[in-house]
Amino acid sequence: MVEQLSRAAESQNPTHAWLFTGPPGSGRSNAAKAFAAALVCERTDLAERGCGECHACHTVLAGTNADVTFVATEKTTITIEEARELVTKAQDRPSSARWRVMIVGDADRMAERTTNVLLKAIEEPPPRTIWILCAPSPADVLVTIRSRCRAVSLRVPPVEDVAALLVRRDGVDPHSAAMAARAAQSHVGIARRLAQDEGARERRNAIVRLPLTLQDVSDAVRAAGSLVELATAEANSSNDVRDAAEKGNLLRSLGAPTSGALPPSIRSQVRQLEDDQKRRSKRSITDTLDRALTDLLSFYRDTLVLQLSAAANAADGSEQGQLPTSATVELVNADLRPQLQAFAAASTPETTLARMDAINNVRRRITSSNVAPLLAIEAMAVSLL
Amino acid sequence: MTPAASSNARPGAGAGNANVRTSNWRDVQPASLVLVQGTEEYLAARALAGLRKTLRLQSPDLEVTRLDASHYVAGQLAMAASPSLFGEAKLIEVSGLASMSDDFLVDGLDYVRAPDPDVVAVFHHGGGVRGKKLLDALKTGGSTYVECQPLKKDADKADFVAAEFRQAGRRIDPMAVRTLVAAVGASLAELAAACSQLIADVPAAGGSATVTHELVDKYYGGRVEATAFKVADAALAGNGPVALSSLRHALATGVDPVPLVAALAMKVRTLAKVYSARGSSAQIAKELGLQGWQVDQAKRDIRGWDSAALVRAIQVLAEADAQVKGAARDPIYAVERAVTVIATSRR
């Protein structure tokens, strides 16, 4: 894969549109940025392109290169206006580098109408423009977009590699690096947060243990309530400071009076900013909940592994007396093994699968439509009983 | 309505000033300055119509000028108020003071300082704080103040109905008043239209001059204004027929499926929280962060509900929530199904 990309970076006329796909944590946008850096690198020797040392490489990786545009939204979707702006910008010739590179960090967060705006621009870009789109899977973008792009699919790195990276780059001790990498299911960013942030680790523990504490409907509804509350608090705590700073900056740059009522012309701009902030906060609540649900899913995934391996043992291992095969498939929550084994023994694979379905169902509803998060999570929690 | 508007429009705001003459909207007496203020458009329209009628009785050749303060061009007010060759009576109605232009603010203040005694100028402000300076000037400048606040309580609406009939010289049963308010009370304009309909249809003389409960029922019996909570209460009580019919009434009288599902979810959530709670209502309320009456009501509703039924209710509501927000073609069917399932889940 790396070889293919570096050959493209060396060539005189590389493919004009690329689609990077891979599950969350596979480093799509980082790969796209590295590829962009290789494309605009200043080295003359082809083999050294993407050196990471020249001015162009530095600015691309820092996100300040004038010829490389990186778009990722903090709201739930990329708007059609933003897409139109991108199309206009794609027509410009590169100012200093060989190529103008347009990177769309989350091409999956576009409505169909918005994607259609990009179609023509991606199909026939000006001679010196290259598009790079990133999405979790090829199915997340329109088929008409997919057919116009060269696909690059990335895979999740193995747990050991992620742990090694944490040790090497962030100086985490090997034991907790391995734990964090496993718990984050190889998502590098999340693994690092788990390894470094005590609070994140505790929150994850509480969520994973949730199925062990559910007794009746009241528990489930209360647990759902506190989960949503926690997600909201977490999103707000990171956003509040930033929101206030942004509003202060806006007021200052508009020259607003320091006291008294705002003039109407400024008021509309402030309202626009507040609307954007509200959308951003909704997105971060959704993301936090989605993350929590993924963690929860890992509990049932482990349960299913134990249940299925126990069933396989009972089927063929009775006369051979083998060790339990669950030793061969690693558990995500290895520290909960005894509780997991008891939990697995108390239910059947069918119920576990039904519960996983319920979790996936609510994940889909929360991320793709405008449902009330509390009600959706409650419905999931009572399905786990 | 914003809180600022309500405090601004309260008669007490100008009560300290001896110049203000507060007047009921039913009988506004002509004065050189009249301020009609409040968010209830219908009452304002009635006040203006009443004033116009009084003035026309006094002088049939009344010249009426209507101005819109939001699209006002400087000088219009002075032009409308200047005396004409024939010296007829003049009525100037200025609407839209709530979004008045800056030109109007200047001209309005000028006019209020020296109103023309031969002209009746009516200013209608629909609530809000825009043009507070002009409003204050009107209040201190000796204008007649007409307050048009929405009628929120059923008792106020009943008074309104009774007054309508009194004005027309008719009588109505107290029971009939209640039925009428329940049927069409949500919008004051509709309520007034219903009153005038009844007044026009019932003969003035003879034994049936009083509007009876039966008559109101005959006219408006099929229509009930149901709220989302009424639907939720009936469904949780396991009363399927009432729940479904009030759901239909609610949908027909303008309740959206989305808040319906939210109201049901809120009720079921409280029920589920209270389900396994032990102790006195006050303790439970404190522990769960609810109001005492909510816990009491949930405790009454909880009879007949078991854990499986609650699980089913929550699941069907979550599904309906997704469906009314675009996951299904027919949002009404989705709510109806949720209500049916909930009403039949209770043992």
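Start at the interface of chain A and chain B, where the rule finds two salt bridges (a side-chain nitrogen of Lys or Arg within 4 Å of a carboxyl oxygen of Asp or Glu). Select Arg222(A) and Glu287(B): their side chains meet in a salt bridge, 3.8 Å from N to O. The model is predicted, so local features need pLDDT of at least 70 and side-chain atom pairs count only at pLDDT 80 or more, whereas totals for chains, interfaces and linings use all residues. Residues are numbered from 1 along each chain as its sequence is written, chains are lettered from A in the order in which they are written, and side-chain values use heavy atoms, with hydrogens and water left out.

Next, select the whole contact (heavy atoms within 4.5 Å), which takes 17 residues from chain A and 21 residues from chain B. The two chains bury about 1600 Å² between them, 65% of it on carbon and sulfur atoms; buried area is the accessible area (1.4 Å probe) lost on putting two parts together, summed over both. Val217(A), Arg222(A) and Leu375(A) supply 35% of the area that chain A buries against chain B, more than any other three residues.

Now move into chain A and display Asp67(A) with Arg100(A), a salt bridge whose closest N and O atoms are 3.6 Å apart. Asp67(A) lies in the loop between α3 (55-62) and β2 (68-71), and Arg100(A) in strand β3 (residues 100-104), so the pair ties together parts that are 33 residues apart in sequence. Helices (H or I, at least four residues) and strands (E, at least two) are DSSP runs, numbered from the N terminus. Both Asp67(A) and Arg100(A) are buried, whereas Lys120(A) and Glu124(A), the pair to select next, are exposed. Buried means under 20% relative accessible area, exposed over 50%, and partly exposed in between (1.4 Å probe, protein chains only). The side chains of Lys120(A) and Glu124(A) meet in a salt bridge at 3.8 Å, N to O.

For a network of salt bridges, select Arg242(A), Asp243(A), Glu246(A) and Arg280(A), which are linked in one.

In chain B, select Asp136(B) and Lys132(B), joined by a salt bridge of 3.2 Å, N to O. They are four residues apart in helix α6 (residues 132-140) and therefore separated by about one helical turn.

Finish with helix α15(A), residues 349-368, which reaches 28 Å from its first C-alpha to its last, close to the 28 Å expected at 1.5 Å a residue (1.5 Å times one less than the number of residues). Among its buried residues are Thr352(A), Met356(A) and Ile359(A).
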